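Student: Please put the model up. I would like to go through its rings, strands and pocket.

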Amino acid sequence: MPRGLAEALRAGHAATPRQPGVLAALRGEDWHWAGASGVADAATGRELRPTAAVRVASVTKTFTAAAVLRLVERGDLRLEEPVSALASGAVLGVLAEGGYRPERMTVRQLLQHTAGLYDWGGDPAYDAEAFADPGHRWSRLEQVRWAVEHGHRLSSPGEEFHYSDTGYVILGEVLERVTGRPLAAAYRELLPLRELGLDSVHLESLEPTPGAGADRAHQYVSGTDLLAVDPSCDLWGGGGLVSTMSDLTAFVRALFRGGVFERPTTLATMLAPVAARGAEGRGTGIYRIPLGSGRWWGHCGSWGVVMAYEPDRDLALATTVTRQPEDPDERLHPGRALVRTAH
């Protein structure tokens, strides 16, 4: 195990003094390290522990994409299948109201953010509305409707990359309808969460909280404590998972090392470059992350989480800051400090 990781994490935290806390984990072939710096609760000063779990936001998309690709492996779904044959009539109706043509959108395009869908998750007005009524229970259909009513079609399907939570909540519905199971059960059917020992990973409010996921770190967005906001504001496939950093490293390492997919060609599909304008460095539910030397693949979450893997060094990393960064690049600072130390 590389030395000096705890010191590097503390130094990285000191360089971002507005952050209440920082969590991190690294995992290699025969070693694992997890650390924490700061407080878990800014109000009480409770110490942050390495085993604390957080809402991982859009890091969930890598799990969603992997689950969809497992359906493809099983022959239960085709990447070129039109959304019109898979989504519910209610969702299709809302999309049609917005001028979208779901019969021309494919599963692949939803996965790769090339369906031209407006992103409710990237609109500050959505956060303002969700935080103004923190007890509101959002449905998938409400979020799709919000995107239709507050945005517009961004491109024809397949032409351009436009990051879209809207597409991933539709994929969450596809997972449910193809498997015949609720979303949490669909993940567990398609992904080896138990076999990999991912004891903290769960869809918050859709399944019981496991003991390993009960020690929660508070996360803060624009002065709001996320634990006071109903998790449905980011739940239905584009976000929603809760995890420790250690479990994220176990998942992403397994993803690359044959522990999630049955065939290597499925991972190759996931890593293949997206053929659309503006999609440089993008794969399917995963993308290149500039963490330092090497070819880091993974996903980030807007509230501060980073999950990544470097195949040449067989090194998995997960970090989070606990206050949403004003500059998205700030969420990469802890990981970069750890990568330099682990080099």
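A short exchange of questions and answers follows.

Tutor: This is a predicted model: local features need pLDDT of at least 70, side-chain atom pairs count only at pLDDT 80 or more, and totals for chains, interfaces and linings use all residues. Residues are numbered from 1 along each chain as its sequence is written, and side-chain values use heavy atoms, with hydrogens and water left out.

Student: How many aromatic pairs does a search of the whole structure find?
Tutor: Rings of Phe, Tyr and Trp (its six-membered ring) pair if their centres lie within 6.5 Å. Planes under 30 degrees apart count as stacked, over 60 as edge-to-face and the rest as tilted. The whole-structure search gives 5 aromatic pairs.

Student: Why is the pair of tryptophan 120 and tyrosine 126 classed as it is?
Tutor: Their ring centres are 4.6 Å apart. The planes meet at 55 degrees, so the pair is tilted.

Student: Is tyrosine 126 buried or exposed?
Tutor: Buried means under 20% relative accessible area, exposed over 50%, partly exposed in between (1.4 Å probe, protein chains only). Tyrosine 126 has 1% relative accessibility, so the class is buried.

Student: How many bridges join strand S9 to S10?
Tutor: Two strands pair if DSSP finds at least two bridges between them. S9 (residues 297–300) and S10 run antiparallel. Histidine 299 stands opposite methionine 307 in S10. The count for S9 and S10 is 4 bridges.

Student: In S11, which residue is the bridge partner of tyrosine 309?
Tutor: S10 and strand S11 (residues 315–321) pair in the antiparallel sense over 6 bridges. Within S11, the partner of tyrosine 309 is alanine 316.

Student: What volume has the largest pocket?
Tutor: On a 1 Å grid over the protein atoms alone, a pocket is an open set of points where a 1.4 Å probe fits, with protein on both sides within 12 Å along at least five of seven lines; lining residues have an atom within 4 Å of a point. Grid points are joined across faces, edges and corners, and a volume is the space filled by probe spheres set on the points. The largest pocket is lined by 26 residues. Its volume is about 540 Å³.

Terms used
Helix = DSSP H or I, 4+ residues; strand = E, 2+ residues; numbered from the N terminus.
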